[in-house]
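Hi,

Here is the structure I promised to pass on.

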Amino acid sequence: MDKTKPMPITPQEEKEIHLAFERLCDFPLKVKLNQEKVDIDAWIEADRARSNQYGYVEPVAFIKKSLARKDEIDRELEALKTKQDMKVCANDVAEMFKFLNFKATKKEIDEMIWEVDEDLDSFVNWSEFRLMFNRNVLDQTGLEPNRMYNLAQFLIYDKNRNGLVSVDETMNLLYARHGRNVMEQKLKELFGEDMHEIGIQGGEINYSQFVKSVEKVQVSMFLETNRGRKAKKAFKEYESKKSVAGSTSH
């Protein structure tokens, strides 16, 4: 484990955090709009194929209308990027988990929002999102609520937005925060000791694998604190007493 005192988030990290926040805000609407663009492109391509094969083409006005709708969608997506009152809600997280193929109950997602919702309005605004991230960065106990932080981290690392993170994608950010030696340790914690070159960029993991890795580190961090050592000692004593009780009952 890294024993050095962590530093607060840097200006560059704050930019990356804000990009993750922007990506999460209004995510269901963005998915819907982008799918509509895909459907329009598919329809136009199918129409082109029909015209090549049968000499038939849809009326020009209809095609122009479809292209105009694509331009309208682009403007809607651009407007979402510059919204003044961006907030993350439970539906945004649920849709993101669906994209990441990660199972979570509605109760778990509501709790994720509640853990970082300082003003209790059932949303997470930018200042709350930033505060949550900074608290987790500075945490040395493993006790800070971290479910939203884990998601934010993953979105930051997922540079190409394909729902996976790779060694290449995480390396620069980890190096900037921790330096070379600790960076290599952090990479091994995420991707395994041998960091197998799997996937297009090498060492790709999905969100479920990512959460499993970071939760293991967070538990180890807690067990190194005074409270963690006491909990571990109490658990061992409990297991010992249970074992003795079991042996005397036979």
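Below is what came out of it, from the overall fold down to the aromatic pairs.

Two bits of housekeeping: this is a predicted model, so local features need pLDDT of at least 70 and side-chain atom pairs count only at pLDDT 80 or more, while totals for chains, interfaces and linings use all residues. Numbering starts from 1 along each chain as its sequence is written, and side-chain values use heavy atoms, with hydrogens and water left out.

The protein has 10 helices and two strands, taken as DSSP runs numbered from the N terminus (helices: H or I, at least four residues; strands: E, at least two). Their order from the N terminus is α-α-α-β-α-α-β-α-α-α-α-α. Of its 250 residues, 36% are buried (under 20% relative accessible area; exposed is over 50% and partly exposed in between, with a 1.4 Å probe and protein chains only). Taking contacts as heavy atoms within 4.5 Å, 66% of those between residues at least 6 apart in sequence join residues at least 24 apart.

Now the inside. The largest nonpolar core has 43 residues, and Val 93, Phe 129, Phe 133, Met 148, Leu 151 and Phe 210 have the most contacts within it. (A core here is a set of buried Ala, Val, Leu, Ile, Met, Phe, Trp, Tyr and Cys residues joined through side-chain atoms within 4.5 Å.) Helix H7 (147-157) is among the helices that each supply at least two of its residues, and H7 gives the largest share, eight. A separate core of six residues includes Ile 40, Ile 73, Leu 77 and Leu 80.

Phe 210 is worth a click: leaving out residues up to four places away in sequence, its contacts include Asn 150, Phe 154, Tyr 157 and Leu 190. Phe 210 also belongs to an aromatic cluster with Phe 97, Phe 102, Phe 154, Tyr 157 and Tyr 207.

On to the ring pairs. There are 12, counting Phe, Tyr and Trp rings (six-membered ring for Trp) with centres within 6.5 Å; planes under 30 degrees apart are stacked, over 60 edge-to-face and the rest tilted. Phe 27 and Phe 99 are edge-to-face, because their planes sit at 65°, with centres 6.2 Å apart. This pair links helix H2 to helix H4, 72 residues apart. Phe 27 is buried at 8% relative accessible area, whereas Phe 99 is partly exposed at 39%.

Cheers
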